[in-house]
Every structure is written in C-alpha cells, then in structure tokens.
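Here is a friendly note to read alongside the structure. Please keep the view open and follow the points one by one.

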Amino acid sequence: MPDKKLSIYYSFLSFFVIGIIAFIIVRSFYHLDYQWDFSVLGPYIWLPSSDGGGPGLFLQGLWITIKMSFEGILFGSILGIIFGILLTTNEKVSKTAALIYVDIFRNTPVLVQLYVAYFIVGTAFNLSGSVAGVLTMSLFCSAYVAEIFRGTLANFEKGQIDAAKALGLSPLQIARKVIAPQALRNMLPPLVGQFVSLIKDSSLLSVVAIPELTKEAQNAVTVTFRSFETWFFIALLYFVVNTLVSSFGRYLEKRLSVSLKQ
Amino acid sequence: MSQEVVVSLKEVNKIFRTPKTEHHVLKGINFEVKQGEVVALIGPSGSGKSTCLRTINALETITSGDVEVCGINYRNSKKSLHMIRRNTGMIFQRFELFPHMTAIENVALGPNLVLGKSKDESYKMAKDLLARVGLANHMDKFPKGLSGGQQQRVAIARALAINPKILLCDEPTSALDPELVDEVVDILVDIAATGMTMIVVTHELYFAQKVSQRTMFLENGYIVEQGDTKKMFAAPKTERLQSFLKRITHQ
C-alpha cells in the first residue's frame, strides 16, 4: 500500500490520464459528422416476426465464435498438456521435437497457419472450413498452453518435491497430490489470458468463410453501409464474452487460492 | 541399546558435474550409525554435510561407493529405494510443508498414501502426532498461518507419521527466528530421548551438544574429526576443528 501522501498523487495521476483520454474521445466524436443509426442492426440481432423470429445473424455468428473457440480451447489444452509434459522431460529427442513445435506455432502468424490448414492441408485431406479452423486454433492454442505448463512446472519449488520424495510418495502421487493442486492455480491466470486472446483471434476464421461473428459483421457492413454501428456492436459482444471468461477465471483463482491463505 | 547398524556409508564419493566444471563434494566418506544413536554432522557451509545427509535417503545420487540403510542398498532396485524412504523421515531447513494442505492434512498424507492406512486412521495418527508436538490447537491451519517454529513442528510430525526408523534433520533450526529455536530443539531432544536414531546436520553447536552423543566434523568433503560430542567440543584435536569452533562461537 502506498502511504497516504503518495496515494493522493496516484489518484491525481489516474484522473489526469482518464481526463485526457475522455477529452480525446469526446472531441473526436464531436467533430465526427455522422448520423448514428443503430436501428438497422435490429434484424441482425433478432429476426423480425415477419421473417419467423429467432436469433439474427449476429447472434448466430456469436454462437459459432463461442463454439469454435471452446473447441479450440478444449483440444488445445489437451494437446498443450501433452506437449508441455514432453517439454519438461529430460528425453532429448521428444524435448527438441516439442520445442520446435511450440516455436513454430508461437512465432508464426495465426493467419498464415490458417491459410496453410485450409488451402493446403484442407485441400489434400478434404477438410471443411470449420474443421481446418478448429484444427488451427487448437494447434496454436496448444503451443501456448504447453509453454505455460512448462513455465509453471519449472518454477515449482524443488524443496517440496524433495519433502514428498523423502516421505516415500511415488512420482505419480507427487504429481497428483503435491504438484497438480498448486500448479493448476498458478497456471490459471496465464491460461485465462490465453483463452481470451484465442477468442479474439477466432475473428481470423472469417478469412476462410466461416460464418462466425466477424464474418457476419463484414456481411452486414456490405449490405447496410453502417460500419461504425456494426463494429461497435460486434466489439461489445466480444467484450461481454471475454469479460465473462476473465471473471470466471478470477473467481476460480480466488476459490483455489483460499487454501493458500491462513 | 541395540548395536545394530542402521546406516552405513562406504567410500562414498559425490561429484557434481556441469559441462564446464567439476565439483568434488564428498571424498570417500565412511561412517556407520547404530540404532538409537544421535549423530551430529557439523562443518562450514559448502563442506558437504547436507549433501552427505541427502545421500542417505537418495535425494542425492552418489558417484561411487555404497549407502546402506537398514541393510537395504538402493542401488538394487526401485523397490529398495522406496523401502529406504519408508524407513527414513526427513525434516528440512525451510520446512517444505505443502502449502495447499492444512497442518493435519500435511501429517496425514504419509500414513494415508505411503502406509496405506484409511483416511480415518491417518487423521487419528496425525492428530496424536500434532498433539505430541504441541499443536493440538492449530491442526486446521494452513502453513502460512503458522509461525516458523510451528511449521517446523508440523514438519517433524509429518516426518514421524510414517514411523521411520531413522530421522534425518537438515539444519532444522537455521531458518528460525532465534526466539523460536528452542521450541523446535526441545521437541527434537524429546524425540531423541525416545530412542529414535537421528542424524542431524547443524551449525548450532549448542543444539549439537544438547541432542547428540557423537559428532562428525566435515570439511571440504572429508570427515576431519569425529568422536564423542562433549569431548570433541571441549578438546578438539585437529587444528581445523579448533579454528571452526572458535569462529562459530565468536558469532
């Protein structure tokens, strides 16, 4: 905690920064000569009853975004843990192989990975856009999960493992009872960050014609010419989903860390 | 007191190798500890005393030589390594309690998983042991909620929970605030009085004197001098032990 005198300066500083940002935004919007009309988005959100009602294209796209991101996170985590285990072994060949894999997927643009998966691998193996999309997201996500897994284990206190060994626990018991409960908690914040960023990256799936949220937004813009309204609304949807994911992560983190307090 | 040898080290060498350097930590260590004996290992830091202790329950591998605990040599098989660790309990300088478990869970883990006792039985054992180290009122606290001395007492209870024949203590009081040292020392002295075989690495001479019958002085990977604790401290034979004792009592 900063002392009392300093905290006044901190408050002042934050007001100052917020003030400047607010000024820039308000001034920009004030000078923007634009007639806002969000009503055109209505049918994209919920179909009018004349068209049979039900969720509109944006909500359908949102669902596809959520579904494919979830699949990517699920398969990515499973694969990531496998590669993470390989990264932490002392066996040279598998370690190097895992390292190359992680480096390739972390250090190349997802967009390029997606093109390769869709146009090259997808053509050869006759994959649909959504399969190629989920495949790319899973592999991309797994590289990050593997690295998070490795980092967490590498930082684990060696002394506790010694204590567990000295107690006579088997390696499997040590992994399950001593390492896993603590490592899981330590992995959570970076994992949630990775998942949130994957949900945002899923917008790239629009380039392989998957009708997810971003693709639907592009379509709507070409029809309505209302790009500001559309993209602001789409951003709001991403914001809501990602805020829910991060809050859930924070909640889990809090619950798991209770045991590390007094 | 039985004269059975429970720990024996024969010509133990330990060399730490990194690609660039070689560090010869233990240079042909020989000693035996009989059942019920309490032996102190003293020496300056870097003398190899902790490494020496850790070879006994195979937390440290050895480069050459033989280590036998209760007649078991862990080079034989994985099972013998497990048996050695079942026969030895260990306490550490930094306690090394599992922070995600309460005091009682820390202590009950060994009986439950290693001795294969039921949950109820393990908790009962843990309760008795924690009461024995004076922590009956702190059983449901997590390590972070306990003082250093209390944490080390939980660690002692955890080490005793698997009914070891030998208790290995790796500088059990060095991480404690001075006013907390006594509560831990008293308990270790109590345990020694029950006939437990103990090997204690320490650089607190008063603790070594209070708890041990025999002392070994290690320096540079060699056992330089050994003998009866009281005689050795009163009249050190070698010059090295003399200067070590002088330095440490001056602190």
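1. Helices here are DSSP runs of H or I with at least four residues, strands are runs of E with at least two, and both are numbered from the N terminus. Axes are lines fitted to C-alpha atoms, for helices over the stretch in contact, and angles run from 0 to 180 degrees between N-to-C directions.

2. A word on the ground rules. This is a predicted model, in which local features need pLDDT of at least 70 and side-chain atom pairs count only at pLDDT 80 or more, while totals for chains, interfaces and linings use all residues. Residues are numbered from 1 along each chain as its sequence is written, and chains are lettered from A and ligands numbered from 1 in the order in which they are written.

3. Which residues make the contact of H5(B) and H6(B)? H5(B) brings Gly149(B), Gln152(B), Arg153(B) and Ile156(B), and H6(B) brings Glu183(B), Val184(B) and Ile187(B). Residues are in contact if their C-beta atoms, placed from the backbone, lie within 7 Å. By class there are 3 nonpolar, 2 polar and 2 charged residues. Ala, Val, Leu, Ile, Met, Phe, Trp, Tyr, Cys and Pro count as nonpolar, Asp, Glu, Lys and Arg as charged, and the others, Gly among them, as polar.

4. Now take chain B as a whole: it has 9 helices and 10 strands. Its radius of gyration is 18 Å, which agrees with the value near 18 Å for a compact globule of 251 residues. That radius is taken over C-alpha atoms, and the globule rule is 2.2 Å times the number of residues to the power 0.38.

5. Chain A has 10 helices and 0 strands. Its radius of gyration is 24 Å, well over the 18 Å that the rule gives for 262 residues, so chain A is more spread out than a compact globule. Along its principal axes, the C-alpha trace of chain A spans about 70 × 65 × 35 Å.

6. In chain A, look at helix H3 (residues 57-88) and helix H4 (residues 92-106), which pack at about 130° with axes 7 Å apart. H3(A) and H4(A) are therefore oblique to each other. Phe83(A), Leu86(A) and Leu87(A) of H3(A) meet residues of H4(A), including Ser94(A), Lys95(A) and Tyr101(A).

7. How many residues does each chain give to the contact between A and B? Chain A gives 18 and chain B gives 21. On the side of chain A, H7(A) gives the most, with 7 residues. That side has 7 nonpolar, 7 polar and 4 charged residues.

8. Finally, an unreviewed UniProt entry places "transmembrane region" at residues 7-30, 62-87 and 230-252 of chain A. UniProt positions use the numbering used here, feature names are shortened, and annotations may be inferred rather than shown by experiment. Residues 7-30 of chain A are 100% helix, with end C-alpha atoms 34 Å apart.

Methods. Parallel < 35°, antiparallel > 145°, perpendicular 65-115°, else oblique. Contact = placed C-beta atoms within 7 Å.
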